[in-house]
Amino acid sequence: MCCDAMRATMAAGDQIVTQPAGGRGASLTVRYGLPRSARQLHGQTLGTTRKFRVEERVQRLIADFDHYLNWYDEHVPFDRPDQLNSHIGTISRRLMVGTAAAAATDPEFCQNLYRTLQRWGIGQRGSRLVSRESFEKAVALAAPEIAKLDGTAIDDPSLDADGIAAQLWSVIHSLTIVENKANLVPCTKALHHLLPDLVVPMDREYTRTFFGLHAPEFQGHGRTDGQRSVFTRMFCALVRIAQATNPQSYVGAERPWRTSRTKVLDNAIVGFCMAEGLKRPS
C-alpha cells in the first residue's frame, strides 16, 4: 500500500530512483520535485483517496472472507428461483461436455446460456442481446480463443494477471453477443459459464460499487480503450483476492450459489457490498 501511494502521488518530473524487481518493496525510492502546485495536489488527492479506499476493501474482504461469503448466503439478493436454476443447469451442461471449446459449439449449452443471461438481466435496460441464432454463431466463432484459456484458474499462484486480462479482453472485445458497445457485463457473465474457473461475472450493481467506479467510467465513456482498462484493473484485483482466499475450497458446501471458484468470489463481493451498506457511485 505504501508503494502504491508513492507511485500515485508522482507527477511530471518525478523519478523512480530504485525499485525491486516486482515494482513493490522496501527498496522503492522516488525523487519528487518540489514545490507542488495546488492543482496537482488536489487531483492526486482525489485519485489516491479512491485507490486507498478500494485497497482497504480488498484487504478487508481477504481478511474476513468467510464472513462476507456467509452474509451473501444468508441475504441472497437474487431471490427468483429461475435465476439460480438456469445458472446451475448451464454450469452442469458445461461440466458435462468437458471443455470450453465443446461447450461453445454445443447447441444445448448455448441455449441454456442464452436463457441464463436473459434471466440474469441481460437484454433489459442498457443491454440488448442479439437473436439466439446470432448468439450461438458468435460464441462458436470465439471458441478457438476461449479454448486457449481453458484450464486456467484465477487462484493459480503463478498466474500472469495482466497477460490473462489482455487475452480475456481480446475475447470480450470480439464477442458480439449484444448490440450495444459496452459489453463488459454481458460478456463476463457469458464467459463465466464457459470458463468458470477463471472469469468472475461482473455487474453494474455490485462489482462497480465495490471498485468505486462511476457509471460513465465503468461504461468506458471518454476513454480511447473503452472498458479495457477498467476490466484489467478489476480482474487483477480479483486475482489477488483469489490467490489469498482459496475460493475453490468453498465450492459446494451445501450452498447452491457456490457453483465455482469465481462465483464464490462474486458472492463474497456482493456480500461485502450488502454487509457494509455500500452505495453505488452515480
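**Helix packing and side-chain contacts**

Guide: Helices α4 and α10 are oblique to each other. This is a predicted model.

Visitor: At what angle do α4 and α10 pack?
Guide: The helices concerned are α4, residues 81-97, and α10, residues 184-194. Their axes are 8 Å apart. The angle between α4 and α10 is about 50°.

Visitor: Which residues of α10 meet α4?
Guide: On the α4 side, the residues are His87, Thr90, Ile91 and Arg94. The residues of this contact divide into 2 nonpolar, 4 polar and 1 charged. The partners in α10 are His192, His193 and Leu194.

Visitor: Is Thr116 buried or exposed?
Guide: Thr116 sits in helix α6, residues 107-119. A residue counts as buried under 20% relative accessible area. Thr116 has a relative accessible area of 0%, so Thr116 is buried.

Visitor: With which side chain does the side chain of Thr116 make a polar contact?
Guide: Leaving aside neighbours within four places in sequence, Thr116 is in contact with Ser86, His87, Thr90 and His193. Of these, His87 and Thr90 in α4 and His193 in α10 also take part in the contact between those two helices. The polar contact of the Thr116 side chain, at 2.6 Å, is with the side chain of Ser86.

Visitor: How many residues apart in sequence are the parts tied together by Arg94 and Asp150?
Guide: The side chains of Arg94 and Asp150 meet in a salt bridge, 3.1 Å from N to O. Arg94 lies in helix α4 and Asp150 in the loop between α8 (143-147) and α9 (161-174), so the pair ties together parts of the chain that are apart in sequence by 56 residues.

Visitor: How many salt bridges does the structure hold?
Guide: One of them is the pair Arg94 and Asp150. There is also a network of salt bridges that links Asp73, Arg255 and Arg258. The total for the structure is 17.

Visitor: With which residue does Glu205 form a salt bridge?
Guide: The closest N and O atoms of the pair are 3.2 Å apart. The link joins distant parts of the chain, 75 residues apart: Glu205 is in the loop between α10 and α11 (207-210), and its partner is in the segment after α14 (261-275).

Visitor: In which helix do Lys263 and Asp266 both lie?
Guide: Their side chains meet in a salt bridge, 2.9 Å from N to O. Lys263 counts as buried at 2% relative accessibility, and Asp266 counts as buried at 7%. The two residues are 3 apart, about one turn of the helix, and that helix is α14.

Visitor: Which residue has a backbone oxygen that the side chain of His75 reaches?
Guide: His75 lies in the loop between α3 (65-74) and α4, and is partly exposed at 37% relative accessible area. Its C-alpha is 9.3 Å from that of Ala275, although the two are 200 residues apart in sequence. The backbone oxygen reached by the His75 side chain, at 2.9 Å, belongs to Trp71.

Visitor: What is the phi of Asn246?
Guide: Asn246 is in the loop between α13 (228-245) and α14. At 44% relative accessibility, Asn246 counts as partly exposed. Its phi is positive in a residue other than glycine, with a value near 55°.

Key:
Residues numbered from 1 in each chain as written. Predicted model: local features only at pLDDT ≥ 70, side-chain atom pairs only at ≥ 80, totals over all residues. Heavy atoms only, no water. Axes fitted to C-alpha atoms, helices over the stretch in contact; angles between N-to-C directions. Helix = DSSP H or I, 4+ residues; strand = E, 2+ residues; numbered from the N terminus. Parallel < 35°, antiparallel > 145°, perpendicular 65-115°, else oblique. Contact = heavy atoms within 4.5 Å. Nonpolar A, V, L, I, M, F, W, Y, C, P; charged D, E, K, R; others polar. Buried < 20%, exposed > 50% of the residue type's maximum accessible area, 1.4 Å probe, protein only. Polar contact = N/O pair within 3.5 Å; in protein donor to acceptor, adjacent residues only side chain to side chain. Salt bridge = Lys/Arg side-chain N within 4 Å of Asp/Glu carboxyl O.
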